[in-house]
Amino acid sequence: MSSLKDVYEKKEVLITGGLGFLGTNLAHRLVDLGAKITLTDAVLPQYGANQFNLDGIRDKVEINVNDIRDKSAMNQLVRDKDFIFHFAGQVAHNDSLEDPFLDLEINCSGTLTLLEACRKYNHGAKLLFSGSRLQYGKTERLPVEENHPLRPKSPYGVHKTAAEEYFIYYNREVGLRTTCFRITNPYGPRSQMKHSKYGIINWFIRQAMDGNTIEVFGEGKQKRDYIYVDDLVEAFLLAGIDGKTDGEVFNVGSGVPTEFKEMTESIVSIVGNGNIKYVEWPENYKNIETGDFYADISKIKSVTSWNPGIDLLDGIKRTFQFYEKNRDHYW
Ligand SMILES: NC(=O)c1ccc[n+]([C@@H]2O[C@H](COP(=O)([O-])OP(=O)(O)OC[C@H]3O[C@@H](n4cnc5c(N)ncnc54)[C@H](O)[C@@H]3O)[C@@H](O)[C@H]2O)c1
């Protein structure tokens with residue numbers, strides 16, 4: 001099988017939501033692989049766009065400020081691209097409960113705008129989508145495999161599922177080459193650190209670095225599946241080069257269940273600051289709590305050569321070191 005460099009070198013790559021956490025981590029790796037990269041982003045203030053995320057590669061990428069909902073911009077941007085990674089999104093699932101229409105516009109109509117642009121102007125590109133574990137809703141069995149029922153508990157999960165269905169439809173009926181991921185809980189360098197609406201590990205690292213008390217809901221027994229961003233980026237790159245991923249949906253996580261308590265204690269110990277307090281579940285979280293979650297990742301492992309390699313302690317250390325050095329750009 002060809003190496004990632006053989007495939008991505010000199011290829012035209014478009015990343016939507018390209019100034020955010022996943023987009024810029026992918027961009028750093030693609031620069032190493034010699035790709036020609038265009039990052040498009042609306043730089044909406046509530047999300048993770050940050051120019052500092054491009055530190056070290058700024059002169060090696062094209063930046064395009066546009067909104068995924070802008071049809072004429074997307075019609076231009078998709079042309080001549082070999083790969084399109086679709087990360088632009090309304091990312092805060094709790095906010096989607098308050099404003100489902102914004103979520104619908106960005107996560108659903110925005111996705112449709114991108115796919116329609118490809119139907120009209122670029123049939124050949126490989127398209128990859130960043131869905132979420134929140135599409136599953138309350139878990140019925142563990143580990144969660146891709147056939148587990150989808151019963152989202154927020155408009156965010158509903159719209160991610162609709163967007164995923166569009167990706168599958170455009171593969172089946174239109175012939176576009178699309179692949180969808182349902183991502184567990186990603187963390188790592190270059191994520192926003194200003195609020196707790198998404199990116200729980202990053203948020204807790206900030207709390208610990210600031211010497212604050214980290215509030216853990218309930219007894220901290222709830223299990224989650226945390227995936228370090230470099231592993232996630234590698235999964236996207238490998239899925240991008242394999243024709244067997246066309247039209248398919250994959251869980252992407254570490255596959256390892258970790259209790260909240262263990263995750264939080266690890267952060268406080270690695271950062272060497274902060275402390276932990278156990279509190280009652282707040283009402284607005286109780287509503288959308290999914291129960292324990294960890295993903296069955298056997299499908300992506302069997303179709304590609306991907307294998308997540310960075311364990312939680314190592315990932316927390318790397319993340320902490322990044323923000324210790326670059327704190328001023330994220331606080
Ligand atoms: N971070 C997570 O916990 C997580 C988990 C599962 C899936 N995802 C999905 O992965 C994708 C990337 O998330 P991230 O963690 O990098 O978040 P992020 O906030 O760092 O990046 C998202 C980027 O999308 C941009 N954006 C938002 N609306 C846009 C619009 N209408 N047009 C153009 N750009 C727009 C933002 O400005 C931001 O730079 C999202 O679609 C998200 O739903 C994230």
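Student: By class, which residues make up the lining of the second largest pocket?

Tutor: A pocket is found on a 1 Å grid over the protein atoms alone, as an open set of points where a 1.4 Å probe fits, with protein on both sides within 12 Å along at least five of seven lines; lining residues have an atom within 4 Å of a point. Ala, Val, Leu, Ile, Met, Phe, Trp, Tyr, Cys and Pro count as nonpolar, Asp, Glu, Lys and Arg as charged, and the others, Gly among them, as polar. Here the lining has eight nonpolar, four polar and three charged residues. The model is predicted: local features need pLDDT of at least 70 and side-chain atom pairs pLDDT 80 or more, while totals for chains, interfaces and linings use all residues. Residues are numbered from 1 along each chain as its sequence is written, and side-chain values use heavy atoms, without hydrogens or water.

Student: Which residues lie nearest the centre of that pocket?

Tutor: Of its 15 lining residues, Ser254, Val256, Ile310, Asp311 and Leu312 do. The elements that give two or more residues to this lining are β10 (226–228), α9 (260–271) and α12 (312–326); helices (H or I, at least four residues) and strands (E, at least two) are DSSP runs numbered from the N terminus.

Student: How many residues surround the ligand?

Tutor: A residue is near a molecule if one of its heavy atoms lies within 4 Å of it. The ligand is surrounded by 30 residues, the closest being Phe21, Asp41, Gly48, Tyr156 and Tyr198. Strand β5 gives the most to this shell, with three residues.

Student: What salt bridge does Lys126 form?

Tutor: A salt bridge places a side-chain nitrogen of Lys or Arg within 4 Å of a carboxyl oxygen of Asp or Glu. Lys126 pairs with Asp246, their closest N and O atoms being 2.5 Å apart. Because Lys126 lies in strand β5 and Asp246 in the loop between α8 (229–241) and β11 (248–252), the pair ties together parts that are 120 residues apart in sequence.

Student: Which peptide bond is cis?

Tutor: Most peptide bonds are trans. In this model a cis bond joins Leu142 and Pro143, with omega about -10°; Pro143 is in the loop between β5 and α6.
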